[in-house]
Amino acid sequence: MAADATVKVEGERPGGPAGPVTLVIFGASGDLTKRKLLPALYALAHDRLLPERFAIIGFARREKTSEAFRDEMRADVEQFSRLRPVRAEVWDRLARGLYYVTGPFEDSAGYERLRDLLQERERDNGAGRNRVYYLATPPEAYPVIVGRLGAAGLVTEAWDGPDEDAPGAGWSRIIVEKPFGRDLDTARALNADLHRVFRERQVYRIDHYLGKETVQNILTFRFGNSIFEPLWNRRYVDHVQLLVGEDLGVESRGGYYDSAGAMRDMVQNHMLQLLSLVAMEPPATFEADAVRDEKVKVLRAIRPIPVEPDQDRTVRGQYVSGLLRGKKIAAYADEPGVGEETSTETYAALRLEIDNWRWAGVPFYLRTGKALPKRVTEVTIQYRRPPLRLFEHAPHPGHQPGDEIEPNRLTLRIQPDEGISLRVGLKPPGPRISLVPARLGFAYHETFGAEPAEAYERLLLDCMLGDATLFIRRDEVETAWALVTPVLEAWAAAGRTGLTYYPAGSWGPKEADRFIQADGREWVNP
């Protein structure tokens, strides 16, 4: 699996939209816009993937002029772009279409100003009304903004106007940031609010994990290589582990995180999306609905998670004070914005089972936490051991003679150091016939000669192109919430009862180790 030479693939991404597009960013004065969205748009402009006639309109409460907005965004791109230094000619080309509208989200007058500006820019562009609305705002603003867009006539083609795909008609799409609700009921309510104005095919629910090149590599690795897919089932796989670790505490986000927790923040969205890509059946075609149909089938096949105290299928933990990279980290309960009697989990581990022909009997272990030793996201497929021990297991550091032969493991590293590795058993030099584990590996930057593009670059471009493959459909959201909502309700009812603790800088509570060891398995720590 090691690469023999660097592969050059510059310019291999899909081309930009043929027609003009106006992107309206609600919440344009926030962190998401300056850290992710504008740097991503600059990168797309740099690679000439944006349409020639492209405009960005920022919409936020804070008073400022379009000129001030351009100056602020230039400084943010210089600080956060992956392409530095910023090229003046690229920025100037992007900045010519950069505008700002001031207004509270609930004030109809702001949407009238937005409509006037949109019509002016679209008239100057001399083409149809192609618009993307991006909700980079707190979730409570979503229904307000959507309702005001509908009332202002900015999404009329969703109902009684010309078909959005008809020539010259123009189209409207909306990108919605997570969280998509707090539980099943609120997710359904949010979807109902969206569908009062937008059709489902116009709604792009964004999960930036799905825009990562290495996440997409899960599909290409599985379905583009005949060597692995025949082994991707219960006959050969012992179990699967998904790990999302963060090497920071909650820092300044204590107020938000205390109302969310690890289950809402990571498991319900990112981790279940990863699981569905790992476990799904091959789609009939690589088109948006075909791929998403298979993902939904996996989520619906997951056995409901028992919430009774005697059913050991989950562990929740909370970090206490400890050392992380040599620095003292305060306990979660002592972080600013966190409630005194908090029972919010900063760590969650689950054992899931998929009741279908491919995966019956294969456990999927999900684990995520804050204040862990490393920032890492990876998927580990552990294969069954050989049925007969033919060779001696040679001792090596950490192992003793007579230990079990270590199983083959396929690891898909999402971040950092994106790549794929396979652990196999090989004979070491010497007269004895024995086995030691060896690792075959592929590193993304070594093979392709560059770091992968930021996720928001791919996702923004896909939305403008009308490709929803990497976005989340309504039934995906609601099926995922249906799985985790009973667990969240049981944890809320239990309060601190059953909550475990772990020191910052460790891999989680000891109860989580016992949780997986009860199945005769161990966590795979990077």
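The structure is a predicted model. A search of the whole structure finds 36 salt bridges, and several of them involve helix α2 or the loop that lies between α2 and α3. Side chains of opposite charge can pair when their charged atoms come close.

- Helix α2 spans residues 66–80 and contains both Glu67 and Arg70, which are three residues apart, about one turn of the helix.
- The side chains of Glu67 and Arg70 form a salt bridge with an N to O distance of 3.8 Å.
- Glu67 has a relative accessible area of 49% and is partly exposed.
- A salt bridge also joins the side chains of Arg74 and Glu78, at 2.9 Å from N to O.
- Arg74 and Glu78 both belong to helix α2 and stand four residues apart, about one turn of the helix.
- Arg74 is partly exposed at 24% relative accessibility, and Glu78 is partly exposed at 38%.

- Glu457 and Arg82 form a salt bridge in which the closest N and O atoms are 2.7 Å apart.
- Because Glu457 lies in helix α12 and Arg82 in the loop between α2 and α3, this pair ties together parts that are 375 residues apart in sequence.
- Glu457 is buried, with a relative accessible area of 1%, whereas Arg82 is partly exposed at 35% relative accessibility.

**A network of salt bridges**

- Five residues, Asp289, Arg292, Asp293, Arg473 and Asp475, are linked in a network of salt bridges.

**Packing of helices α1 and α2**

- Two packed helices are described by the angle between their axes and the distance between the axes.
- Helix α1, residues 31–46, packs with α2 at an angle of about 85 degrees, and their axes are 9 Å apart.
- The two helices, α1 and α2, are therefore roughly perpendicular.
- On the α1 side, the contact is made by Thr33, Lys34, Arg35, Leu38, Pro39 and Tyr42.
- On the α2 side, Met73, Asp76, Val77 and Phe80 make the contact.
- Sorted by class, the contact of α1 with α2 comprises six nonpolar, one polar and three charged residues.

**Buried residues of helix α7**

- Helix α7 covers residues 213–223, and its buried residues include Thr214, Val215, Gln216, Ile218, Leu219, Phe221 and Arg222.
- Among the elements that cover the buried residues of α7 are the helices α9 (261–279), α11 (444–448) and α12 (455–465).
- The strands β15 (409–415) and β16 (419–426) are also included in this cover.

Definitions and conventions
Residues numbered from 1 in each chain as written. Predicted model: local features only at pLDDT ≥ 70, side-chain atom pairs only at ≥ 80, totals over all residues. Heavy atoms only, no water. Buried < 20%, exposed > 50% of the residue type's maximum accessible area, 1.4 Å probe, protein only. Contact = heavy atoms within 4.5 Å. Salt bridge = Lys/Arg side-chain N within 4 Å of Asp/Glu carboxyl O. Axes fitted to C-alpha atoms, helices over the stretch in contact; angles between N-to-C directions. Parallel < 35°, antiparallel > 145°, perpendicular 65-115°, else oblique. Nonpolar A, V, L, I, M, F, W, Y, C, P; charged D, E, K, R; others polar.
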